[in-house]
Amino acid sequence: MNPPSTDAPLLQVDQLVKSFGENPVLDGIDLRVQRGSIFTVLGPSGTGKSVFLKCLAGVMQHDSGMISFEGRPLVISDKETRADFRRRCSFLFQNNALFDSLSALENVSLPLEQTTDLDSREIQHRSMDALAQLELESFRDRFPSQMSGGMQKRLALARAIVTRPELVLFDEPTAGLDPLRRNAVFSMIVKYQRRFNFTALIVTHDVPEALVASNRVALLNGGRICFEGTPGDFSSSSDPVVTGFRDSTEALRESLSLIRSDFQA
Amino acid sequence: MTRTFLAKSPPMISALGRETIRIVSGFGDLALFTGRSFGAAVSTKRLFRRVIRAIYEQGTVCLPVILIVGLFTGLVLGLQGYHILSRFGSEGLLGAMVSLSLIREMGPVLASLMLIGQSGSALAAELGIQRNSEQIVALETMGVESHGYLVTPRLIAALIVYPFQTALFVVIGFWGGSLSGSALLGVDSGVYWSSIQRAVESRDLRECFIKAAVFGLLSVTICAYQGFHADRNHSETGARAVSAATTRAVVISSIMVLVADYVVSSFFI
């Protein structure tokens, strides 16, 4: 794993608040994500992890608080800074959000075609390169619906990295996958994070995989970050919220393995 | 203040007020959507290619329907027109009646309604599904102007496709009228076609094409708007939201075409 940088944070979140009507989802989030690191935000389902990520990406407007990228605050009125952030940041959706009417190659080349002034040959070259990096070059003419779930995930990652972003936001990248595939997806994230040296911010509720893959983890609970530290700190923490969350996922895992062994018997 | 006033009013008045506000704000939102979509034409890259693709999608899908409906409209006009005009001994004016009916009214209106049923509903459903599956949000996270990428090419294509398909509808309708009036009912073919030539003036053609362009713009905007905002202000979610958005798109744009037909006609008469 790459050692995280000790410079100023690439992404900084201060007192981020987001409510839906009377229901506060994010209640003052503070976070620092160092350049070149893999940072995972853990939390049970329904605690606002995806909302947090969408606020960061700017597709959802937060109520108050500050998000800064490289020390520059991202505010709606400063369109230039926001546009710069969008050029340097990619978002990997939980359901991949691939364009089903476009082929794999067209999906990957779309952000280059629409946001850069590169000529067609360069776009084709870079898109094919991104597909090749994710071992998808022979599927360039396939449509997303003709691909398996894992391939779609890789295609979504190819589209996310083709613009050579500095920050990639992963929204529940392993949602709905079995343990083997969860491992594979986290391995893929680590592998390509090393290769392309982007900063990864992941939200997930898969504790073991996240602990292995990440440099730092945080636990989101009740709209607040109630723990932040290294995976080792998380494993050894005696904080009741952390132990509660850790135990609940372990208990679930154990009960599932019991059910599985019953079935096998 | 408006909300407070409505809250204190009798239920029927407050319901009426709420509905009026909803409709007016809906029109305002639609106007902003149209403005944003046309404004995005300046910043959207590789727009020409997307326009060509939209012309192909809107045009080719509807071609068979336009040809069939145009032919049968002409046939019916020829049949009905012959029997009405023959009461007054004016069968020689059949060409004029068929051509003016088609050019000034039936061509633009029926062709637009056919296009709404085929490509308009498809557009609303496609955008609705893209909204549902977060494809539109994905565009925005990539820094792509979603209106420019998804809506602008369709609006520009409508300005070309609707007049072209209307012209095709009218020409096929002339031929249908000739088939029933001349070939089946015995009006001299030369009389039929020369009657068309004498009756049709350039202002009729101008009215026809202006109507077609207005209807195209109106219906594509409404269909795109409904699909683009399939998730907004309605209780339905998922597939039901897409289905409801598609139904709304077809119903509202069909009604608006007829309203616009009256308004544009009143300018030309």
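In chain B, helix α2 (residues 11–39) packs against helix α6 (residues 146–184) at an angle of about 95°, and their axes are 8 Å apart. Axes are lines fitted to C-alpha atoms, for helices over the stretch in contact, and angles run from 0 to 180 degrees between N-to-C directions. Because angles of 65 to 115 degrees count as roughly perpendicular, α2(B) is roughly perpendicular to α6(B). R36(B), S37(B) and F38(B) of α2(B) meet H147(B), V151(B), T152(B) and L155(B) of α6(B); two residues are in contact if their C-beta atoms, placed from the backbone, lie within 7 Å. Helices (H or I, at least four residues) and strands (E, at least two) are DSSP runs, numbered from the N terminus.

This is a predicted model, in which local features need pLDDT of at least 70 and side-chain atom pairs count only at pLDDT 80 or more, while totals for chains, interfaces and linings use all residues. Residues are numbered from 1 along each chain as its sequence is written, and chains are lettered from A and ligands numbered from 1 in the order in which they are written.

Chain A holds an open sheet of four strands in the order β2-β1-β4-β5, with antiparallel pairing; two strands pair if DSSP finds at least two bridges between them. Its edge strands, β2 (23–33) and β5 (72–73), each pair on one side only. Eight bridges join β1(A) (residues 11–20) to β2(A), and Q12(A) has R32(A) as its bridge partner in β2(A).

Finally, 14 residues of chain A are in contact with 13 residues of chain B. On the side of chain A that touches chain B, α3(A) gives the most, with four residues.

How values were computed: Parallel < 35°, antiparallel > 145°, perpendicular 65-115°, else oblique.
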